Amino acid sequence: MTDLAQANGTHTNGASVPVPVTTRKDWSSDQEVRWCPGCGDYTILAAMQMLLPDLGVRRENTVFLSGIGCAARFPYYMNTYGMHSIHGRAPAIATGLAATRPDLDVWVITGDGDSLSIGGNHLIHALRRNVNITILLFNNQIYGLTKGQYSPTSEMAKVTKSTPFGSLEQPFNPLSLALGAEASFVARTHDMDRKHMTEMFRRAHAHKGSSFVEIYQNCNVFNDGAFEQITGKDHRSEMLIPLVHGEPIRFGAEGKHGVVRGPDGAVEVVSVADVGESALLVHDEHRENPGLAFQLSRLSRGPYEPTPIGVFRDVDRPEYGLEMTRQVDAVIEGKGEGDISALLRSGSSWTVG
Amino acid sequence: MSDTTMNEHVSEVLDRVILRFAGDSGDGIQLVGDQFTTVSALFGNDLATFPDFPAEIRAPAGTLAGVSAFQVQISDHDILTPGDAPNVLIAMNPAALKANVANLPPGATVIVNVDAFEERNLTKAGYDVNPLTDGSLSAYTVYEIPMTSITTEVSKDAGVKPRDAERSKNFFALGLICWLYTRPIDATAEWIKSKYEGKFLVMEANLRALKAGYHFGETAELFESSYEVRPATLEPGEYVNITGNTATAWGLIAAAKQSGLPLFLGTYPITPASDILHELSKHKEFGVRTFQAEDEIAGIGAALGAAFGGALGVTTTSGPGVDLKAEMMGLGVSLELPLLIINIQRGGPSTGLPTKTEQADLLHAMYGRHGESPLPIVAAKTPSHCFEATIEAVRLAVKYRTPVILLSDGYLANGTEPWRLPDVADLPVIDPDFASGPNHTDEDGNEVFWPYLRDETTLARPWAPPGLAGLEHRIGGLEKDDGSGNVSYDGDNHERMTRLRAAKIAGIANDIPPTDVDDEDGHADVLVVGWGSTYGAIAAGVRRVRAKGHKVAHAHLVHLNPFPADLGDVLRRYRRVLVPEVNMGQLSRLLRAEYLVDVVSFTQVKGIPFRAASMESAILELIRAEDGGDGRSDAVTSSVGGTPVDGTVPADGKVSH
């Protein structure tokens, strides 16, 4: 095994050394958190800092990478290795890191502008390759750091500083995009439910390969209440549809609503009383074909209709970095370790004198 | 040796010859050019090659746009360039003749595939009259050989379809040329057998064509004699014939080995850089990881991510790809991580001339990022020098924790020359010197790690890849506090950091060799300063000038940022300084700005290398101006409104100042 971490002498903590017991404090850096008061990012940061002591991972083997935007400041607040890079490129940088350091936990923190606009290309290709990274997309449907322009997830007709007469653009559905990009793990959560969010992070972390989690995140300054209709305490039960593997998909008081698959293959919300429990769609995260997950990702047209949250898809696919290492190992096993002197003579050489 | 042994036939001895194979881009010209080169290299000749092909994979057959050519100079002494003008042109069709005939000196030999000179091809090439019959080639010795028909004929009974057999005519030409220049074809026959293993009919057709060409030369009594270019007396040692791109790839592998760092190449296919990816991807036995990214940005981004993780991160590119990588280079400057950006320059702007050479990215390498973001620049000067230059670039990147730009170009990338193999034991050792523990005591007496606490000598910061407990730290593109590396918007700190980053790069001048000046007795008045792939043409031009009894000095810069510490003194030692470049005068601008020396710029941007002859006349012109006594070159050339006006230089370049 060509363990790069060993090769470069940086990996000193073998499995034999027990993971130290840590608390949230150990995972918090000494930097002052500078998001606007009331920002949804605070909840996400807290959820992460409280989850990590629980995961049995090491701070020194944990890396947070980000691009540009409000969410991208996240790594500064984590007492781990971290990089705040450039706009949209974190998945590309993370690919190089994860492909060469399979021993690391690599988290990519991004926003809707960062990964769906300027960095759209890197996002889809990282998902397609199934690089071992966990991507958390803070979706607030607005550009916050540049003070309030519409984003690629803003709804049509949205009035912002840059669209005083309303946006003319069809928004991206981040989950549909991820599923279309062959993502092997796709989930959605929101910043008003730390428990659910923590569970989604835990699941995403456990998944081998690229994990993609969309977090509905409130920007209380430039897009306040964007998700209020579905994530508000009083609305959740009627508007959020929890996806639970192996369970019929149902929601609302006493589970009175449910999801069925119509004759045309599309999914729709129905009254359980009308169709009967047995007609409900049973959620299967591990379905090889992403078609049904795609349908579920489009059940709601926006955060004003009943919207599924939870794990949409979780399938096993070869992980890019491991495959790359495997290929290198196989060649070394077949040919033996490379020898520079032999390499220089691998063509036709001749001797003078 | 079998049936190809030279018989009693008399051969005439030449000290060198320049051959140019030319045909359609689907004719396999590069293949036979390469093969002739290999045979000549093994034979012991010194040589230099210049593949010259269009950007289209298969431009319309028979047209001028589709002509692909391969020029090689072979000699019995050490040579520096593939030669200015061919002594022998092998033209597989009218277009190949038309595209190359203007560059043939009177007396040259022209060997044509006469079968291709029929009306349709003549029209496609734009000939109204057959040049073989209208007397327009009277200055040359023309051999009309029915290559297509003989090639087809010899494969007839092998079951090869005529249309397939016809495709082997390039090997007929190769066989003929091998006879004409007294090289055995056995090695080529073996090569054909292994290359086309499993494709029996193709192999058979090629073999038969090769032999037919060889025997044709021997038996047709068309040629008065064959020629011999004897082995050159090169420095003793083991040699291989190598392209710049292969030397670069091998340099990367060697640098990885010498540093103990795993090599990671993040790249996107682009001409003429892709061969480095191809070569590296073959050598996983060295632990090499190659990543073909979704775009140029991801290529360099992944390389930077790998560098953050403690690998040797490298990206390769050319032309427009360099523009796309600029932002990530800036991040690398801010992160102060080792990173190598290899730019195989090609003609620009925009898509420009993808398969043609140019040196026009020097100023981009210097200044092509926003903000004050200096980084070191290293330039290779010959195909084999790419190996050494690559290792040097890696050394600087690792030692100074900085992105480094290595400049090569299309001419170096694809051109070949014999390379005397270095002793692997003599290669420099590169110490990654990873951070191993805390490096600072904070106010409370705690031992902490400061990612931007610099080494006092090199000003380099510590490199601490993830994995070591206690060294956790965050870096990024925001300005950092000097030492702690925390985000800082303080103006004084920004000024300090800006000057520190600049001083770190400038300080490299103390860590590189002084300017290497080739000045026989130190009495030359004129110094020629070049960089990159002009080395061969300048050195050849200097030899010619010296052969005429004049004195001239030559300095060739490998480090372009920073320059060697003594460069200003060197420039001021000479009365005139000539700076030839395949661009509009980029190094000359830098030299003028840095040293206030009134250098004379000599430029050409034709997508091809300089010729030794034009170098010679440019140097002579400057020497004559000096001898004229007024000490200024204004007498020879002039500038009007900043536009160079070509004075008396009968070259393909412009002298201006």
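This is a predicted model: local features need pLDDT of at least 70, side-chain atom pairs count only at pLDDT 80 or more; totals for chains, interfaces and linings use all residues.
**View 1. β24(B), α19(B) and β25(B) form a right-handed β-α-β unit.** Strand β24 (residues 576–581) and strand β25 (residues 600–603) of chain B run parallel, joined by four bridges. Helix α19 (residues 586–595) of chain B is the helix of the unit. Right-handed here means that, with the strands pointing away from the viewer, the path from the first strand over the helix to the second runs clockwise. Helices (H or I, at least four residues) and strands (E, at least two) are DSSP runs, numbered from the N terminus. On β25(B), B:V600 and B:F602 point one way and B:S601 and B:T603 the other, and all are buried (20 or more other C-beta atoms within 10 Å of the residue's own, with C-beta atoms placed from the backbone).

**View 2. Helices α4(B) and α6(B) cross at roughly 105 degrees.** The axes of α4 (residues 147–155) and α6 (residues 169–180) of chain B come within 9 Å; these axes are lines fitted to C-alpha atoms over the stretch in contact, with angles from 0 to 180 degrees between N-to-C directions. Look for B:M147, B:T148, B:I150 and B:T151 on α4(B), which make the contact with B:K169, B:F172 and B:A173 of α6(B). Contact means C-beta atoms, placed from the backbone, within 7 Å.

**View 3. Chain A meets chain B.** Here 61 residues of chain A are in contact with 62 residues of chain B. On the chain A side, α3(A) gives the largest share, eight residues. A strand pairing also links the chains: β2(A) and β19 (residues 474–476) of chain B pair in the parallel sense over three bridges, where pairing needs at least two DSSP bridges. In β19(B), B:I475 is the bridge partner of A:M83.

**View 4. B:V129 sits in a loop of chain B.** This loop lies between α3 (119–124) and β7 (141–145). B:V129 is exposed because it has 10 other C-beta atoms within 10 Å, and exposed means 12 or fewer.

Notes:
Residues are numbered from 1 along each chain as its sequence is written. Chains are lettered from A and ligands numbered from 1 in the order in which they are written. Two residues are in contact if their C-beta atoms, placed from the backbone, lie within 7 Å.
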